[in-house]
Amino acid sequence: MSAKYVFGPIASRRLGLSLGVDLVTRKTCTQDCPYCEAGWTTNLTLERKEYVPAAAVKAELRSVLDSGPEIDFITFSGAGEPTLNSKIGEIVDFIKDEYPQYSLCLLTNGSLLGDPEVAAEVSRVDLIIPNLDASSEEEFKKINAPAPGLTFNRFFSGLENFTNHFTGRIFLEIFIAPGINDSAASIERFVELIKRLKVEKVQLNTLDRPGCDATIIPAPAETVKRFVRAIEPVIPVEAVGSFRYKSPSLRGEMPKDELASAIMAMASRRQVTREDLLEALNVDSHTLEQTLKELLHLGVIESERGARGEFFGFFK
Ligand code: SF4
């Protein structure tokens, strides 16, 4: 059976190995963000319905999951807003009832989380990553271009209510768009808004691949640093993209022998750079450097120079 709604698994920076599930047709969304990598929204709507048939999604999931793939997450994502599908709850229950060993993630713009029906339907999801890209109505219009009827107040109060009642994990994503949401006043407002949410951490994101609108450009490192400095006193923060950062509390401490085993396991599968290891193993660079030095000294791994810098692996 060729899959239409289930894709991957794909390796992602944030989620490890993730099996994607697309619950809407391209491109159905409650917003028309100019930075969207999936193109302009052709169906801008707040109407929930069965945009793709739940029965077909479940059949595709069954055909993949019955073989017991080793994945970190099954993720609702794809080209549009997954919570617009009125059968998302049925699909969540299907996975949780029949394949309870898998963790579920929902990537959402957050616009419908204030709807009590949506909140109930996604209540069994393990990890939800909603966006908060605007700190005011004006920014909301520019950066998220919402469907008629979706105001910033409606969006934010729904998000606030949801995060304060949801029992799973929530990471909040902020997309930084220079010139739109990065002024000193914006950052101050973001901090005040974040204080009202119950989320585990904030992930700062900026343009990686070209979006729809060429005027949206990546945020320079200095801009990302301004966000980090303002948000970190309130909540742990991590930044991806050209300027990478993780609050100290997010850098897990792995025992040394475990770290050495993890490095060897990664290097045995493919050659890896320091950046790959830092990203995947969540350690500070000093600890990584010391462990690499020891492994190289013992001759357990080797290093070689490549186009992307120094690689570690088994080269013989
Ligand atoms: S909410 Fe997500 S899918 Fe919808 S337009 Fe914005 S970036 Fe694209």
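Axes are lines fitted to C-alpha atoms, for helices over the stretch in contact, and angles run from 0 to 180 degrees between N-to-C directions. Helices (H or I, at least four residues) and strands (E, at least two) are DSSP runs, numbered from the N terminus. The model is predicted: local features need pLDDT of at least 70, side-chain atom pairs count only at pLDDT 80 or more, and totals for chains, interfaces and linings use all residues. Residue numbers start from 1 along each chain as its sequence is written.

**View 1. Packing of helices α1 and α2.** Helix α1 (residues 54-65) packs on helix α2 (residues 88-98) at about 25°, with axes 10 Å apart. That makes α1 roughly parallel to α2 (angles under 35 degrees). In the contact (C-beta atoms, placed from the backbone, within 7 Å), A54, V57, K58 and L61 of α1 meet E90, I91, F94 and I95 of α2. These residues divide into 6 nonpolar, no polar and 2 charged.

**View 2. The residues around the ligand.** The shell holds C29, Q31, D32, C33, C36, A38, T41, G80, E81 and N109 (C-beta atom, placed from the backbone, within 6 Å).

**View 3. Two cis peptide bonds, G8 to P9 and R26 to K27.** Omega is about 5° between G8 and P9. P9 is found in strand β1 (residues 6-12). From R26 to K27, omega is near -5°. K27 sits in the loop between β2 (16-22) and β3 (28-29). Most peptide bonds are trans.

**View 4. Positive phi at A145.** Phi of A145 is near 35°. A145 lies in the loop between α4 (137-144) and α5 (152-163).

Definitions and conventions:
Angles under 35 degrees count as roughly parallel, over 145 as roughly antiparallel, 65 to 115 as roughly perpendicular and the rest as oblique. Two residues are in contact if their C-beta atoms, placed from the backbone, lie within 7 Å. Ala, Val, Leu, Ile, Met, Phe, Trp, Tyr, Cys and Pro count as nonpolar, Asp, Glu, Lys and Arg as charged, and the others, Gly among them, as polar.
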